[in-house]
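User: I have a new model open and would like to go through it with you, so could we start with one of the helices?

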Amino acid sequence: MTEFTPTPADQFTFGLWTVGSIGRDPFGEPTRKPLSAPYIVQRLAELGAYGVNLHDNDLVPIDASAAERDRLVSDFKAALNDHGLKVPMATTNLFTDPAFKDGAFTSADARVRAYALQKTMLSMDLGHELGADVYDFWGGREGTEVDAGGKLLDSLAWFRDSLNFLADYSESQGYNYKFVLEPKPNEPRGDIFFPTAGSMLGFIATLDKPDRFGVNPEFAHDTMAGLNFAHAVAQVIDAGKLFHIDLNDQKMGRFDQDLRFGAENIKTAFFLVKLLEDTHYSGMKHFDAHALRTEDEAGVWAFAKGCMRTYLMLKEKARQFNDDSEIQAALSAYRVEDSELEALSKKFSPENAQALKSRTFDRSALGTRGPGLEHLDQLTIDLILGMR
Ligand code: GLT
Ligand code: MN
Ligand code: MN
């Protein structure tokens, strides 16, 4: 159906590492051949994506010579130019190389922490050269399996110092980066520091330049831990910190599956899309997922199309939800308004406090009211299943 065909105006992005995944897992060898970065650019543009994001080493191998780097970057830029694709977000691979096995910015080895800063500055240079204005920090190795090393508080301080250093570096270079911190509870470490969006929000407030920093929440990361991703995103929006979002899917309690967006938790995906659309989220919608390991290259592009199509279908469902008179009536019935009590409760004053303290409430009536949520939720299910 053409109406669910994406265009760049939808601001969908993928990572070189997502559609480029070769299907390796801890138990098995790759099942697909690598795709070159220029080819990925071409295919994503054909599918209607807005942009492609990358880690430094998705494009330039960690041991590349300067000449090799220049050739890879210039071929990539030519492809971006030819196909009109952008690079909105860049990040650093601080997790694959064995040097980072016990953390990057939170390593107990000062040499590793310094190397992580060097690698990130060079990667920020590359991202800027490619036009990125969002820079992501996913601390995959920033965590522990054992806490006997006694670095829990030090790690927080080292991480803070590193982010402050890099924000100053960005400013000194005239880069206009907005930084996004991406929480994950575990995997690849047994426990990763800053496991939730809320912990990132708390930490951002302790940085030297908190305005430069936001959160990059990811559907699968909260879902692994049994959390409700739409709730987490609402909190990030409320804090004015939703600068970027990673969309995918996941079964609760499993390993990091990175499933196609909407593949598993369709109801949470619906309420998430509704939240993003109702609040006019204007950042990138990045599909941080990959095709199933079972798939060949055709499966990779079916996966990419599916992520975008499902988002657009859920966006249409959200519009229908807002236009549906029966649903809107059930929503109105759910909320009880009382302008006098709302005025008294809005803000403290001695008079308001006194008025509330002396008020008589019909507690029994409050406890027996049926709010109609079963009816409202079934209307939502009917809508999602296409029965309305
Ligand atoms: C890795 C991780 C993702 C992060 C990427 C950015 S890499 O695939 O699982 O959630 O967003 O470093
Ligand atoms: Mn992830
Ligand atoms: Mn992610």
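Analyst: In this predicted model, the buried residues of helix H2 (residues 37–47) are Ala37, Ile40, Val41, Leu44 and Leu47, where buried means under 20% relative accessible area with a 1.4 Å probe and protein chains only, and a helix is a DSSP run of H or I with at least four residues, numbered from the N terminus. Seen down the axis of H2, these residues fall within an arc of 130°, so they line one face of the helix, the arc being that of the directions from the helix axis to the C-beta atoms.

User: Switching topic, what coordinates the manganese ion (ligand 2)?

Analyst: Glu218 (OE) and His221 (NE2) coordinate that ion at 2.3 Å, counting as donors N, O and S atoms within 2.8 Å of the metal (3.2 Å for Na, K and Ca), with water not among the atoms, so sites may look incomplete. Glu218 also coordinates the manganese ion (ligand 3), and the two ions are 3.8 Å apart.

User: Is Glu218 buried or exposed?

Analyst: Glu218 counts as buried, at 1% relative accessibility, and His221 is buried too, with a relative accessible area of 3%.

User: Where does His221 sit, then?

Analyst: His221 is found in helix H8, and its side chain reaches the backbone oxygen of Pro183 at 2.9 Å.

Conventions:
Residues numbered from 1 in each chain as written. Chains lettered and ligands numbered in written order. Predicted model: local features only at pLDDT ≥ 70, side-chain atom pairs only at ≥ 80, totals over all residues. Heavy atoms only, no water. Buried < 20%, exposed > 50% of the residue type's maximum accessible area, 1.4 Å probe, protein only. Helix = DSSP H or I, 4+ residues; strand = E, 2+ residues; numbered from the N terminus. Polar contact = N/O pair within 3.5 Å; in protein donor to acceptor, adjacent residues only side chain to side chain.
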